[in-house]
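Please read them alongside the model.

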Amino acid sequence: MNYFVEGLQGSGKSTLVRKLAKKYPECKAICEGDYSPIELAWCAYVDKETYSGILEKYSDIRSEIEEKSFAEDDYRIICYTKIITDIPGFHKDLEKYEIYNGNLDSEHFREIVLRRLRNWNDDNNIFECSLFQNIVEDMILYQKMTDSQIIDFYREVKKALAGKEYQILYLQTEDIASNIDVIRKERSDDKGNEMWFPLMMGYFDNSPYAKEKGLSGTDALLEHFRHRQELELRICNEMFVGHYTLLRSKDYKRNDI
């Protein structure tokens, strides 16, 4: 069995991943930024030529880059956020090789996601936000896809997962604003300066979707989250019946999992 832990930011995904990993010690927990056969968040995805160029450009940390790199077909995946370095601009430079944030056109983006899902044949994994969050965010905010187009894409995802053993555990959030307030405080430095929320706001406010619709600010972001959760639950209901369990965010019991 494989488990996909899904839900909005602040819904308790990381906590649930830890609980599942404790309950199923034979499973491997895979979080954002780790190498994953499914998800590419916080990782650079490059061809061999580009990879060689990166190794040459950052020769001083070549060994660290190679240690955090993984080969897939003719591509290399670099878990660059796992590399600690004080080289100016390194992380910002590799960020542009992520598949998200509008870095790829829609066709290329979908091809990569579906190909990796088809090729995946592993078991006993616990994936944190690997099936919905980053993909759906990008499709809404950067590819400006409609709900119907996104649902059509997940029809292809369902086909790609055919024959594989998996269960989606979706943490449904009823009070999105309160959950966001909690993680705003949790993801602040020791002086109380918010680290995560300004980045999240910049990500949303500067997205093609928000700019086209003239949206910005906290209320618009929360409305986006409400829409995204509604869409993801619709995808579960229409595509993954028998493959998902709905849990109340931060209000489920041990027996529920």
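1. Buried here means under 20% relative accessible area, exposed means over 50%, and partly exposed is in between (1.4 Å probe, protein chains only). This is a predicted model: local features need pLDDT of at least 70, side-chain atom pairs count only at pLDDT 80 or more, and totals for chains, interfaces and linings use all residues. Residues are numbered from 1 along each chain as its sequence is written, and side-chain values use heavy atoms, with hydrogens and water left out.

2. There are 16 aromatic pairs in the structure. Rings of Phe, Tyr and Trp (its six-membered ring) pair if their centres lie within 6.5 Å; planes under 30 degrees apart count as stacked, over 60 as edge-to-face and the rest as tilted.

3. Tyr 35 and Phe 70 are stacked, because their ring centres lie 4.3 Å apart with the planes at 20°. This pair links distant parts of the chain, 35 residues apart: Tyr 35 is in the loop between strand S2 (28-30) and strand S3 (44-47), and Phe 70 is in strand S4 (residues 69-72). Strands (E, at least two residues) are DSSP runs, numbered from the N terminus. Tyr 35 is partly exposed at 25% relative accessible area, and Phe 70 is partly exposed at 30%.

4. The rings of Tyr 100 and Phe 109 have centres 5.7 Å apart and planes at 65°, so this pair is edge-to-face. Tyr 100 and Phe 109 are both buried.

5. One aromatic cluster is formed by Phe 4, Trp 120, Phe 127, Phe 132, Phe 153, Tyr 154, Tyr 166, Tyr 170 and Phe 240.

How values were computed
Helix = DSSP H or I, 4+ residues; strand = E, 2+ residues; numbered from the N terminus.
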